[in-house]
Amino acid sequence: MSLGDSSTPLGRVRGLGSAREGGEHWLSERVTSIALLLLGTWLIVSVLLLPALDQRTLTEWLRSPWGAVPMALLVIVGFKHALDGMKVVVDDYVHDEGSRFAMNTLLLFLAVGGAALALFALAKIAFGGHA
Amino acid sequence: MAVSILHRVTGAALSLAGLAVLTWWLLAIAEGGEAYETFTKAAAHPVGLIVLIGLTWSFFQHLLSGVRHLVMDSGAGFELATNKRFAILTIVGSVLLTIILWAWLLGVRP
């Protein structure tokens, strides 16, 4: 046993101890949270500053790069952060390994599918022919 | 403790309902016409309004307690009094911001 390994022989056989992963997930959750601090504030301030919330005004706003680009980032980072967060909730409360895998897979599909749908809608607005 | 569980609950609400509403909103704007009208009708309905107000409160609460968690990740703010004050501040802040936002959306702007 090397000096750096503090697990007992029995623990090693049972596969207990650090999984040697998880650090990236932890960091991803935090980095996306800082991005969303900016993008979320942008969304709230933008909606408050828009002269009206009718479809024409919103389309005009989301056709401009100042609307479309942050919104695309908000969708991507928002769904990623939601997936990271929901994974923590599932990992904490779903104890059966099979169910946990099923739930995490379902959430992954929902997040990727939802983000794709939202980006499709945004692209349709941004590149659509007429406002 | 209470604020920590609120962080999870509001996070789950934003993940499941918040992103669904955002996606629906974008789809409705893209489709226009009747689709957008259906969205605004649902948003103006008392139940829709309660959901939207709940989601904006969740957003502010999650944002403020998220900042609290980032500060605590840095190792600061663990003294009991400071920690408690910070936790209470997130709730006061989120309620105030929600009231200001909706007062502006429903009252100040026509």
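Colleague: What is Val3(B) in contact with, leaving aside its neighbours within four places in sequence?

Modeller: Val3(B) is in contact with Gln61(B), Ser65(B), Arg68(B), Ala87(B), Thr90(B) and Ile91(B) once those neighbours are set aside. "Contact" here means heavy atoms within 4.5 Å. A word on the ground rules: this is a predicted model, where local features need pLDDT of at least 70 and side-chain atom pairs count only at pLDDT 80 or more, while totals for chains, interfaces and linings use all residues. Residues are numbered from 1 along each chain as its sequence is written, chains are lettered from A and ligands numbered from 1 in the order in which they are written, and side-chain values use heavy atoms, with hydrogens and water left out.

Colleague: What makes Val3(B) count as buried or exposed?

Modeller: Its relative accessible area, which is 6%. Buried means under 20%, exposed over 50%, and partly exposed in between (1.4 Å probe, protein chains only). So Val3(B) is buried.

Colleague: And why is Phe86(B) called partly exposed?

Modeller: Phe86(B) has a relative accessible area of 25%, so it lands in the partly exposed band. Phe86(B) sits in helix α4 of chain B, and Val3(B) in helix α1 of that chain. Setting aside its neighbours within four places in sequence, Phe86(B) is in contact with Arg68(B) and Val71(B).

Colleague: How do you know what counts as a helix, and how many does chain A have?

Modeller: Helices (H or I, at least four residues) and strands (E, at least two) are DSSP runs, numbered from the N terminus. Chain A has five helices and zero strands. Of its 131 residues, 36% are buried.

Colleague: What makes a group of residues a nonpolar core?

Modeller: The members are buried Ala, Val, Leu, Ile, Met, Phe, Trp, Tyr and Cys residues joined through side-chain atoms within 4.5 Å. The largest one here has 36 residues, and those touching the most other members include Trp61(A), Leu62(A) and Trp25(B). Helices of both chains supply at least two residues each, among them α3 (55-63) and α5 (97-127) of chain A and α1 (2-31) of chain B. In soluble globular proteins, nonpolar side chains tend to be buried together.

Colleague: Which residues of α3(A) are buried?

Modeller: Thr57(A), Leu58(A), Thr59(A), Trp61(A) and Leu62(A). Their cover includes α2, α4 and α5 of chain A together with α1 and α2 of chain B. Leu62(A), for instance, has contacts including Met71(A), Leu122(A), Leu26(B) and Ile29(B).

Colleague: How are α3(A) and α5(A) oriented, and what makes you say so?

Modeller: They pack at an angle of about 95°, with their axes 8 Å apart. Axes are lines fitted to C-alpha atoms, for helices over the stretch in contact, and angles run from 0 to 180 degrees between N-to-C directions. Under 35 degrees counts as roughly parallel, over 145 as roughly antiparallel, 65 to 115 as roughly perpendicular and the rest as oblique. So α3(A) is roughly perpendicular to α5(A). Thr59(A), Leu62(A) and Arg63(A) of α3(A) meet Leu122(A), Ile125(A) and Ala126(A) of α5(A).

Colleague: How do those residues divide?

Modeller: Four are nonpolar, one polar and one charged. For these classes, Ala, Val, Leu, Ile, Met, Phe, Trp, Tyr, Cys and Pro count as nonpolar, Asp, Glu, Lys and Arg as charged, and the others, Gly among them, as polar.

Colleague: Why is α5(A) called roughly parallel to α1(B)?

Modeller: Their axes come within 8 Å and cross at roughly 30°. That angle makes α5(A) roughly parallel to α1(B). By class, their contact has nine nonpolar, two polar and two charged residues.

Colleague: What makes a crossing left-handed?

Modeller: The near helix is turned anticlockwise from the far one by less than a right angle; clockwise would be right-handed. α5(A) passes α1(B) in a left-handed crossing.

Colleague: And how do α2(A) and α4(B) cross?

Modeller: Helix α2 (residues 23-49) of chain A and helix α4 (residues 80-108) of chain B have axes that come within 10 Å and cross at roughly 25°. So α2(A) and α4(B) are roughly parallel. The contact is made by Ile44(A), Val47(A) and Leu48(A) on one side and Leu101(B), Trp104(B) and Leu105(B) on the other.
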